[in-house]
2 protein chains.
Amino acid sequence: MSLKHAILVLLETEPSSGYDLLKQFNNSLGYFWNAKHQQIYQQLKLLAIDGLIDCTTEEQQGKPDKKVYKITTSGVGELTSWLSNSVKPNKINDALLVKLYGGHLTSNENLLKELENHLSLHKKTLIQLRQIEQKYLKFSPEVQEKYKLPYITLRRGILGEEAWLDWALESIKMIKK
Amino acid sequence: MSLKHAILVLLETEPSSGYDLLKQFNNSLGYFWNAKHQQIYQQLKLLAIDGLIDCTTEEQQGKPDKKVYKITTSGVGELTSWLSNSVKPNKINDALLVKLYGGHLTSNENLLKELENHLSLHKKTLIQLRQIEQKYLKFSPEVQEKYKLPYITLRRGILGEEAWLDWALESIKMIKK
DNA sequence: ATGATCAATGCAATTTATTGCATAACAAAA
DNA sequence: TTTTGTTATGCAATAAATTGCATTGATCAT
């Protein structure tokens, strides 16, 4: 279970609310972590009980109150010790591939439509990731050096999406012919 | 939940035991589905209760009995109707990227060691997938046509792994310099 | 005005997945 | 010869993730 550590990693960079974390996962960080809001809020509660994060309620004008969480020393300790152990390789469960594998039971039109739908999502993601990369590349060498590791993860998103698109285009061709 | 459908898809190709399915997922099909043995056995039981698959016990010499499951007409129906709906995009939760993102809290040696470990696993997988591809490419055009859709999923594995390796090599360089 | 979306959080129930433990017989390697 | 690995399955408990439902006040478009 590393939702816990995914959250700690983000809070170590910057104190955030559950909603902030959710947005990060849904937007820019979706290529490496995904979670529903309920999962995040529950986990934040547990992390607070365990003393790994602290919670402050911030009032806002015109908007609901915000609970801002901040990592504690003990949280940093937990994170550091987690980092010292090796992580499991990423589990893959891809329903699209299941569908294609059994695709002879449905029509090519159905398969193509499905692929096209996924394709447009992946294209959007790639554009977004490349925009973030462009911003990074405009930083000074010192700032680039500072954000090198997050940038490396961004590169994973970009290379992964590019490969996905290559595959999808090749597959669409193959199904059509 | 599409473990159910992943299993049905495989059983639609060929009757198998839970152990057979497990091996398929762990070996060749790991790039598109993963499950623990307990999950598979439980799911098979449920599918049998729902009448989507049938079970026959086969005795073997020198080996434990085998429960061979076969998809039923009703199972094919369920699968077909599942195929007619669109599937959700693949959820990604990659602990390795979490670790890299927060990598400033640990040593570069640790990060490099971790990357190298994952690298060797991915290399192995890629070699294995390419071997399967070679076999496919030696088939006659008719047989190739017949297995076109599974081949497309195999290509996803190959392109995905290649991109993963490219990324890892680039990342290792970046961390080292 | 009326419905949609965003901001922000939460409970409760259910479904899925993981972990730990257990069995049993054969084969191959150390 | 002892241990490790393969074949083959399972229960029970726990942990993690999803789904459904619910609130509130703002703003934005039709």
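Predicted model: local features only at pLDDT ≥ 70, side-chain atom pairs only at ≥ 80, totals over all residues.
Which handedness does the crossing of helix 2 of chain A and helix 3 of chain A have?

## Two helices in chain A

The crossing of helix 2 of chain A and helix 3 of chain A is right-handed. Their axes come within 9 Å and cross at roughly 135°. That angle is why helix 2 of chain A counts as oblique to helix 3 of chain A.

Who makes the contact? From helix 2 of chain A you have Gly18(A), Leu21(A) and Leu22(A), and from helix 3 of chain A come His37(A), Ile40(A), Tyr41(A) and Leu44(A). Sort the residues of this contact by class and you get five nonpolar, two polar and no charged.

## Two helices in chain B

Now hop over to chain B. Here the axes of helix 1 (residues 3-13) and helix 3 come within 10 Å and cross at roughly 80°, so helix 1 of chain B is roughly perpendicular to helix 3 of chain B.

On the helix 1 side of chain B, look for Leu3(B), Lys4(B) and Ile7(B); they meet Gln39(B), Gln43(B), Leu44(B) and Leu47(B) in helix 3 of chain B. This contact has four nonpolar residues, two polar ones and one charged.

## Where the chains meet

Chain A and chain B put 55 residues each into their contact. On the chain A side, helix 1 (3-13), helix 4 (73-84), helix 5 (95-101), helix 6 (108-137) and helix 8 (148-176) each supply at least two residues. Helix 8 of chain A gives the most, with 16 residues. By class, the side of chain A that touches chain B holds 25 nonpolar, 18 polar and 12 charged residues.

Is Thr153(A) buried or exposed? This residue of helix 8 of chain A is buried, because 23 other C-beta atoms lie within 10 Å, and 20 or more is enough to count as buried.

Leaving out residues up to four places away in sequence, Thr153(A) touches Phe32(A) as well as Leu97(B), Leu100(B) and Tyr101(B). There is also Leu29(A): it sits 124 residues from Thr153(A) along the chain, yet their C-alpha atoms are separated by 9.2 Å.

## Around DNA strand C

The largest share, three residues, comes from helix 3 of chain A. Split by class, the surface near DNA strand C has seven nonpolar, eight polar and five charged residues.

## Around DNA strand D

DNA strand D is surrounded by 20 residues, and the closest are Met1(A), Gln38(A), Ser17(B), Tyr19(B) and Lys67(B). At least two residues of this surface come from each of helix 3 (37-49) of chain A and helix 2 (18-26), helix 3 (37-49) and strand 2 (66-71) of chain B.

Which helix provides the largest share of the surface near DNA strand D? That would be helix 3 of chain B, with three residues. The surface near DNA strand D divides into seven nonpolar, eight polar and five charged residues.

Notes:
Residues numbered from 1 in each chain as written. Chains lettered and ligands numbered in written order. Contact = placed C-beta atoms within 7 Å. Helix = DSSP H or I, 4+ residues; strand = E, 2+ residues; numbered from the N terminus. Nonpolar A, V, L, I, M, F, W, Y, C, P; charged D, E, K, R; others polar. Near = placed C-beta within 6 Å. Axes fitted to C-alpha atoms, helices over the stretch in contact; angles between N-to-C directions. Parallel < 35°, antiparallel > 145°, perpendicular 65-115°, else oblique. Left-handed = near helix turned anticlockwise from the far one by under 90°. Buried ≥ 20, exposed ≤ 12 C-beta atoms within 10 Å, placed from the backbone.
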